[in-house]
Amino acid sequence: MRQMRLLAESNFSCGARNMAVDCAIAEAVGSASQLPTLRLYGWQPFCLSLGYGQRMAEVDVEVLIAHGWDLVRRPSGGKAILHGDELTYSLCLPLGHDLARGDVIESYRRISAGLLAALQVLGMPAQAEPKDAEPTRSSAGPVCFVLPSHYEIAAGGRKLMGSAQLRRGGALLQHGTLPLRGDIGRICDALVFDSGSARERERLLVRQRATTLSESLGRDVGWDEAAAALTQGFAQAFDLALAESTLSDAERARAATWQTERFGNPEYTAKR
């Protein structure tokens, strides 16, 4: 049975710290100073995250301020996500790990088995399928949950979990979101559109193509229940012994540097 470190952080953090901690863990795992690590966390306050290459011009900053929502730029790619009523996972592996073998798509497929097993624990039938084609120019809007991705997790034909992956410094970092409840279309309030009607069209599209766990199951699922299911699902799917742990002093120090110099730095967030 393989060993993996588990960090289940029920005290939620701001967006800048969350991204900084993920990067600090990835560095530690890539240098072999820490075991492969599954981290489960949440966000406080709500936070709009942009993909690494996404344009800042797509963000309605005044709305973010009015709602008290945070803003961060992820180290991984993709489009905008509004993090709030959700569980977020990050998985950090050395590139030589069995789950990291091959290219990004192959590892997506392998890792999706753990996510599907977790949803089965919750009684949620779901699927993970390869993407048929690249999105058309007309469909490539600013919202992540509208766009298809390889081996995304869907329930009833609607996207339930989105993930993104980064490989750097000898490590694979994959993080993703499981929306637990709430209006999946409210992200459109925080983004710039040509008109109010364009915003409403995108909001309708998001609601049609994506869902939350509670909506799909027909009952409310809290963060603790979802975290327990993710832990059990990964352990079962990959024959893992997950040992609860905390960040090391070195990881905390490195995360503080990442937060100050990058993810909490307005110039970095607005660089594109």
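In the predicted model, Phe 234 and Phe 238 are four residues apart in helix α6 (residues 223–238), so about one helical turn separates them. Their ring centres lie 5.5 Å apart and the ring planes stand at 70 degrees; because planes over 60 degrees apart count as edge-to-face, the pair belongs to that class. Phe 234 has a relative accessibility of 0% and therefore counts as buried. Phe 238 is likewise classed as buried, at 7% relative accessibility.

Both phenylalanines also take part in the packing of α6 against helix α3 (residues 104–121). Two packed helices are described by the angle between their axes and the distance between the axes. For α3 and α6, the axes come within 7 Å and cross at roughly 125 degrees. This angle makes α3 oblique to α6, and the crossing is right-handed. On the α3 side, the contact is made by Arg 110, Ile 111, Ala 113, Gly 114, Leu 115, Ala 117, Ala 118 and Val 121. These residues meet Ala 229, Leu 230, Gln 232, Gly 233, Phe 234, Gln 236, Ala 237 and Phe 238 of α6. By class, the contact of α3 with α6 comprises 11 nonpolar residues, four polar residues and one charged residue.

Asp 239 is found in the loop between α6 and β11 (240–244). Its phi is near 55 degrees, a positive value in a residue other than glycine. With a relative accessibility of 43%, Asp 239 counts as partly exposed. A positive phi is also found at Ala 32, where the angle is near 70 degrees, again in a residue other than glycine. Ala 32 is located in the loop between α1 and β2, and its relative accessible area of 67% places this residue in the exposed class. Most residues other than glycine have a negative phi, and most peptide bonds are trans. The peptide bond from Gln 44 to Pro 45, however, is cis, with omega near 0 degrees. Pro 45 lies in the loop between β2 and β3.

The α1 residues in the contact are Ala 16, Arg 17, Met 19, Ala 20, Val 21, Cys 23, Ala 24, Ile 25, Glu 27 and Ala 28. Their partners in α7 are Glu 251, Arg 254, Ala 255, Trp 258, Gln 259 and Phe 263. The contact of α1 with α7 divides into 11 nonpolar residues, one polar residue and four charged residues. Two of the α7 residues named here, Trp 258 and Phe 263, form one aromatic cluster together with Tyr 268. Helix α7 also holds Ala 256, which counts as partly exposed at 40% relative accessibility. Ala 256 and Leu 178 are 78 residues apart in sequence, and their C-alpha atoms are 26 Å apart in space.

Six aromatic pairs are present in the structure. A pair of aromatic rings is described by the distance of the centres and the angle of the planes. In the pair formed by Phe 46 and Trp 69, the ring centres are 6.3 Å apart and the planes are at 20 degrees; planes under 30 degrees apart count as stacked, so this pair is a stacked one. The pair links distant parts of the chain, the two residues being 23 residues apart. Phe 46 occupies the loop between β2 (37–41) and β3 (47–50), whereas Trp 69 occupies the loop between α2 (61–67) and β4 (70–73). Trp 69 has a relative accessibility of 16% and therefore counts as buried.

Ser 197 is placed in helix α4 (residues 196–209). Its relative accessible area of 42% puts Ser 197 in the partly exposed class. Ser 197 and Ser 214 are 17 residues apart in sequence, with a C-alpha to C-alpha distance of 28 Å.

Technical notes:
Residues are numbered from 1 along each chain as its sequence is written. This is a predicted model: local features need pLDDT of at least 70, side-chain atom pairs count only at pLDDT 80 or more; totals for chains, interfaces and linings use all residues. Side-chain values use heavy atoms; hydrogens and water are left out. Contact means heavy atoms within 4.5 Å. Ala, Val, Leu, Ile, Met, Phe, Trp, Tyr, Cys and Pro count as nonpolar, Asp, Glu, Lys and Arg as charged, and the others, Gly among them, as polar. Rings of Phe, Tyr and Trp (its six-membered ring) pair if their centres lie within 6.5 Å; planes under 30 degrees apart count as stacked, over 60 as edge-to-face and the rest as tilted. Buried means under 20% relative accessible area, exposed over 50%, partly exposed in between (1.4 Å probe, protein chains only). Axes are lines fitted to C-alpha atoms, for helices over the stretch in contact, and angles run from 0 to 180 degrees between N-to-C directions. Angles under 35 degrees count as roughly parallel, over 145 as roughly antiparallel, 65 to 115 as roughly perpendicular and the rest as oblique. A crossing is left-handed if the near helix is turned anticlockwise from the far one by less than a right angle, and right-handed if clockwise.
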